[in-house]
Amino acid sequence: MTALHLRGVVLPGDDERDLWVVNGRIRTTPVPNAETVVDGGYLLPGFVDAHCHVGIGPEGPVDLETAAAQAETDRDAGTLLLRDCGAPIDTRPLQERLDLPRIVRAGRHIARPKRYLPHLGIDVGDPEQLPAAVAEQAAYGDGWVKLVGDWIDRDRGDLAPLWSDDVLAEAIKVAHDAGARVTAHVFGEDALPGLVNAGIDCVEHGTGLTDGVIAEMARRGTALVPTLINIENFPDIAAKATKYPAYAAHMADLHARAGAMVSAAVEAGVPVYAGTDAGGGIAHGRIVDEITALHRAGMPAEEALGAGSWAARGWLGWSGLEEGSAADLLAFDDDPRKDLTVLRAPRRIILRGRIVG
Ligand SMILES: [Zn+2]
């Protein structure tokens with residue numbers, strides 16, 4: 001395969017530099033006979049969708065072929081690394097395909113009977129069995145385990161935690177001992193202190209975050225992936241929940257406070273990353289919408305861009321455009337930090353050192 005040569009301002013940063021790509025890796029010293037494919041503009045480490053579901057469609061689990069098409073849609077929008085935040089099907093065959101984004105799998109969602117969307121997760125009958133279920137998913141996934149932290153409790157008519165604080169502490173320790181990080185779906189307030197104090201690594205959605213919990217997350221370095229474009233669906237969820245007025249009112253209130261919550265988390269220094277929650281109610285390929293939503297919620301443009309690129313890559317254990325890094329990058333004519341709409345039309349998409357768009 002011919003080596004590639006690119007010249008541009010390498011983000012994050014302001015220096016125009018030359019990069020070469022050979023054998024799927026970035027080189028910073030000249031490679032002979034390289035073909036120049038980008039000459040000028042801006043070079044960005046590929047987008048990261050930090051909360052994505054390859055393998056889930058609007059009707060629930062999909063077949064592998066449909067899951068591959070979802071991953072292609074993400075790739076064509078420039079998303080080259082996905083943290084798959086829970087998938088009901090085994091997507092490991094997609095990790096073998098060099099033309100698809102890299103996928104970090106969290107295994108299956110861990111929930112309790114009737115306490116999550118049907119057919120997606122593993123239902124743990126006896127909540128005391130959570131640590132065992134976590135051990136199983138830690139072994140099956142790629143270093144992440146996904147819990148459902150709260151969901152509507154139909155007897156109570158409102159959101160409620162699925163797990164006791166004690167069992168969470170034990171389960172998170174099991175994951176950490178196995179070398180895995182843990183994250184949880186949480187909409188409401190009540191589940192959050194137990195999860196954060198148990199040492200969870202990340203919170204998904206986090207609409208119920210209060211200033212006290214935000215301060216504790218900042219102190220611990222607990223990440224937040226708010227999935228703002230999914231929170232936009234809360235009024236719809238509320239409107240359909242006519243049988244559960246308290247839940248409906250709660251969801252509407254969480255929605256109304258979401259922007260302020262993200263802005264408070266950013267201000268407090270919580271690491272915030274861009275995740276779309278693509279799969280069920282959200283179409284794949286919308287990472288730029290989420291980066292833009294983070295900016296609208298108060299993240300400076302460059303920080304919002306990093307939340308969907310270099311910062312998220314670092315968090316997931318991948319480097320930016322440095323010597324020896326994976327050659328997963330995007331090229332733009334104009335500076336996306338000055339205008340995030342630039343992100344919607346990459347001039348080049350390079351994945352594993354190959355031009356894919
Ligand atoms: Zn999700």
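Q: What is the handedness of the crossing of α6 and α9?
A: In this predicted model, helix α6, which covers residues 211–220, packs against α9 at an angle of about 35°, with the two axes 9 Å apart. The crossing of α6 and α9 is right-handed.

Q: Which residues of α9 make the contact with α6?
A: By class, the contact of α6 with α9 has six nonpolar, no polar and one charged residues. From α6 come Asp211, Ile214 and Ala218, and they meet a set of residues on α9 that consists of Met261, Ala264, Ala265 and Ala268.

Q: How do the residues of the contact of α3 with α4 divide by class, and how many are charged?
A: The crossing of α3 and α4 is right-handed. On the α3 side the contact is made by Leu130, Pro131, Val134 and Ala135, while α4 brings Val167, Leu168, Glu170, Ala171, Val174 and Ala175. These residues divide into nine nonpolar and no polar, and the number that are charged is one.

Q: Which strands stand at the edges of the open sheet of three strands?
A: The order of this open sheet is β5-β8-β9, and its pairing is parallel. An edge strand has a single partner strand, so one side of it is left without a neighbour in the sheet, and the strands placed in this way are β5 and β9.

Q: What angle does the direction of α10 make with that of β5?
A: Helix α10 covers residues 287–296, and its buried residues are Ile287, Val288, Glu290, Ile291, Ala293 and Leu294. What covers these buried residues includes β5 and β8, together with α7, α9 and α11. The helix α10 packs on the sheet by touching β5 and β8, and the angle between its direction and that of β5 is about 90°.

Q: Is Gly306 buried or exposed?
A: Gly306 lies in helix α11, and it touches Ala311 and Ala312 when residues up to four places away in sequence are not counted. The cut-off for a buried residue is under 20% relative accessible area. At 2% relative accessibility, Gly306 therefore counts as buried.

Q: How far apart in space are Gly306 and Phe47, C-alpha to C-alpha?
A: In sequence, Gly306 and Phe47 are 259 residues apart. In space, the distance from C-alpha to C-alpha between Gly306 and Phe47 is 8.9 Å.

Q: Which residue of β15 is the bridge partner of Lys146?
A: Strand β12 (residues 144–148) is mostly covered, with five of its five residues buried. Trp144, Lys146 and Val148 point one way from β12, and Val145 and Leu147 point the other way. Five bridges join β12 to strand β15 (residues 181–186), and these strands run parallel. In β15, the bridge partner of Lys146 is Thr183.

Terms used
Residues are numbered from 1 along each chain as its sequence is written. This is a predicted model: local features need pLDDT of at least 70, side-chain atom pairs count only at pLDDT 80 or more; totals for chains, interfaces and linings use all residues. Side-chain values use heavy atoms; hydrogens and water are left out. Buried means under 20% relative accessible area, exposed over 50%, partly exposed in between (1.4 Å probe, protein chains only). Helices (H or I, at least four residues) and strands (E, at least two) are DSSP runs, numbered from the N terminus. Two strands pair if DSSP finds at least two bridges between them. A crossing is left-handed if the near helix is turned anticlockwise from the far one by less than a right angle, and right-handed if clockwise. Contact means heavy atoms within 4.5 Å. Ala, Val, Leu, Ile, Met, Phe, Trp, Tyr, Cys and Pro count as nonpolar, Asp, Glu, Lys and Arg as charged, and the others, Gly among them, as polar. Axes are lines fitted to C-alpha atoms, for helices over the stretch in contact, and angles run from 0 to 180 degrees between N-to-C directions.
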